[in-house]
Structure formats: structure tokens, C-alpha cells
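This report walks through one protein structure and the ligand that goes with it. Please look over the sequence and the model before reading on.

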Amino acid sequence: MEILEEIFSKIKEYQRIIIHRHQRPDPDALGSQVGLAEAIRFTFPNKEVYQVGGPVEGLEFLAEMQEIPDDYYQTALVIVTDTANTPRVSDQRYHTGDFLIKIDHHPNDEPYGDIHWVKTSASSSSEMIADLINQTDLNMSENTARLLYAGIVGDTGRFLYPATTSHTLRIAAELLDYGIDAAKLNREIEQISFSVARLSGYLYQHLTVDENGAAYVYLTKEIMTEYGIIDADTSALVPLPGVIDEVLAWGVFVEQPEGYYRVRLRSKGPVINQLAKKHHGGGHPLASGANAHDKKEAQEIYQEIQALCRDFKQSNS
Ligand code: AMP
């Protein structure tokens with residue numbers, strides 16, 4: 001049986017379905033998770049469908065999570081979207097269900113679940129959920145269209161990044177036909193607080209770029225406090241170095257309250273996810289995340305970015 005049909009038949013079979021996504025959710029995590037939940041509710045109004053995983057950190061305009069007791073899992077189908085590896089699943093009860101499905105577009109480093117559907121060529125997990133709905137007897141509601149559109153916009157940087165294909169644009173066009181207010185949604189996703197805008201100024205002032213385009217900036221605890229920013233606010237800052245001509249790949253090192261650094265890595269060419277994997281992380285070839293235990297490891301990571309940029313420049317000159 002084709003995988004989409006297999007997933008659809010499991011959705012049909014189970015009365016209770018619980019859907020998870022990754023920690024620190026972004027629009028694609030929420031879009032794919034709740035977009036699927038809403039499509040199942042719309043198609044099968046008598047099923048019990050839950051979306052779980054705790055606070056959504058500034059994305060409340062997209063969706064809110066639900067709280068459910070542990071025993072709900074016993075007879076449930078659990079679906080996890082947009083999450084490459086199990087430690088990153090938000091709410092670790094995900095594995096206590098009756099049957100587990102993974103749906104994701106990151107490299108399949110950990111093929112967990114009874115069924116895993118992983119498509120690294122998809123721009124986003126939301127695009128995959130749109131395919132699942134379009135190619136099975138699931139139905140699209142206006143709210144699902146809104147959530148999936150948000151997920152696609154989020155993960156493609158508004159159709160800017162290389163993962164955007166003609167299929168992505170066709171799906172997005174179809175989603176618009178459901179009457180969603182895309183301009184409003186884009187505004188909600190893109191709008192930043194005045195504090196984040198001021199910290200953008202700091203980021204540009206303090207970004208270091210070497211001769212091969214390797215760039216970094218530290219956002220220390222002190223700076224975050226001074227600007228009134230928390231970790232969740234830094235998403236809007238991460239793409240900013242990319243618009244600078246001289247920058248090829250970069251890391252934004254965000255110091256955490258516990259003292260370690262969350263490293264947010266982006267690239268316009270050199271593949272960075274192997275580097276991320278070496279430092280307790282992972283992700284896409286051009287957009288990854290890692291963790292540095294201390295400043296020393298953070299500096300090592302920057303040196304590795306420098307080496308990648310140097311090799312990339314040499315092999316492309
Ligand atoms: P972020 O910088 O958090 O937006 O992450 C960029 C990409 O890297 C996303 O696709 C994440 O799924 C992935 N990623 C971030 N942190 C980690 C991590 N600790 N482990 C695995 N993948 C990660």
C-alpha cells in the first residue's frame with residue numbers, strides 16, 4: 001500500500017488521535033501539527049483529535065495546545081510532525097501510544113515510529129500535510145489551509161530559500177483558494193517587537209565576518225536582558241545576516257540561562273548540518289541548530305564554519 005494510503009487508513013482506524021511536534025515550535029511545526037489535526041477533525045467530526053506539546057512561544061495567533069491525561073495514550077494513534085529525532089519531540093509521552101507515525105522533511109537521522117514518511121525534498125512538513133490531504137480522502141478546511149500556508153511561508157522564508165519548488169508554489173496557490181487572508185498571516189508571522197528591532201541593530205553592529213564569508217554574533221545573557229529579549233524572540237534575528245552580500249554562512253550564538261549556547265546555523269552554500277550533528281544538533285543542509293557547552297565549544301564551532309566557507313570558496317572558484 002502506498003505510504004499516504006497507509007497513513008490515511010491508520011487515521012481512519014483509530015478513534016483517538018494525538019498529534020505532537022518539536023520543542024520550541026516554529027510556524028512549520030505548528031502548521032503541520034495543527035493543520036493535520038484540523039483536517040482530521042473536519043473530515044471525521046466524531047473522532048477525538050488532540051494537539052499537544054506545551055506553550056507555543058509567541059505563535060498563539062496560529063494555534064494553542066491542549067492538555068490531556070496520560071491514559072489517553074493507551075488506545076491512541078500518535079503522529080509526530082516536523083521532528084527528526086525523538087529527544088526533540090515536545091512532550092515525551094509520544095511513545096506511549098498504540099501506534100506511532102513520523103511525518104517529517106528533515107534528514108531521516110532517526111527513523112522512529114511504526115511508519116515513517118520522510119521527504120527531504122519537501123520545503124516543509126506543512127507541504128507534506130497538504131500532499132497527504134490532497135492525495136487521500138482527508139478534506140481541507142479553511143483553518144487547515146491557513147495553518148499550512150503559515151508553515152510553508154515560515155520554512156521557505158516567504159518562498160525565498162532553495163527548498164521552494166514549483167510544487168511548493170502550486171500548493172501555496174491552492175491554499176490561497178480557500179479564502180485565507182495571506183497578507184494578514186504574513187504580517188502576523190513577520191511582525192517583530194520594538195525590542196527585537198533594536199536588537200537587530202545590535203546584531204548588525206556586532207556581527208563578525210571573515211574574508212570567506214563566515215560570520216557570527218554572540219547574544220549573551222547580559223545583552224538579552226539589556227534589550228528585554230528571551231530565547232524565543234531570536235527567531236526573527238537568525239535570517240538577518242543572510243541579506244549581507246559578504247556573508248556566506250553564519251552562526252547566531254544565543255546564551256541560555258543555564259550558561260550553554262544555543263547555536264542557530266544558516267548557510268547560502270556550504271552544507272552545515274554535519275557540523276551541527278557533531279555538536280548535539282542537526283537539521284537541514286542549509287539551516288541547522290546545535291548546542292555549545294561553553295564559549296570554547298562555541299569558538300570551535302565558528303572555526304568549523306570558517307573551514308567550511310574556505311573549502312566552499314576554493315572549490316567554487
Ligand atoms: P533553528 O535554528 O532552531 O530554527 O533550527 C534550524 C533547523 O535545525 C530546524 O530545522 C531544526 O529542526 C534543526 N535543529 C535545531 N536545533 C536542533 C537540535 N538540537 N537537534 C536537531 N536538529 C535541530
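A polar side-chain atom of H106 lies 2.7 Å from an oxygen atom of the ligand, and for H284 the distance from a side-chain N or O atom to a ligand oxygen is 3.4 Å. Of the 480 Å² of accessible area that the ligand has on its own, the protein covers 85%, with areas taken from the Shrake-Rupley method with a 1.4 Å probe.

The model is predicted, so that local features need pLDDT of at least 70 and side-chain atom pairs count only at pLDDT 80 or more, while totals for chains, interfaces and linings use all residues. Residues are numbered from 1 along each chain as its sequence is written, and side-chain values use heavy atoms, with hydrogens and water left out.

## The shell around the ligand

The ligand is surrounded by 15 residues, the closest being R88, H106, R262, R264 and R266; a residue counts as near if one of its heavy atoms lies within 4 Å. By type, the shell holds 10 polar residues, four charged ones and one nonpolar, where Asp, Glu, Lys and Arg count as charged, Ala, Val, Leu, Ile, Met, Phe, Trp, Tyr, Cys and Pro as nonpolar, and the others, Gly among them, as polar.

At least two shell residues come from each of β9 (261–267), β10 (282–283) and β11 (287–292), and β11 gives the most, with four. Strands here are DSSP runs (E, at least two residues), as helices are (H or I, at least four), numbered from the N terminus.

## Domains and annotations

The domain assignment, automatic or from a database, gives domain 1 (2–190) and domain 2 (194–315). Their contact takes nine residues from domain 1 and 11 residues from domain 2, contact meaning heavy atoms within 4.5 Å. Each domain supplies at least three residues to the shell around the ligand.

UniProt, in an unreviewed entry, lists "domain: DHHA1" for residues 244–310, a span that is 33% helix and 33% strand. The UniProt annotation "domain: DDH", also from an unreviewed entry, covers residues 16–152, and this span is 28% helix and 18% strand.

How values were computed:
Polar contact = N/O pair within 3.5 Å; in protein donor to acceptor, adjacent residues only side chain to side chain. UniProt positions renumbered as here; feature names shortened; annotations may be inferred.
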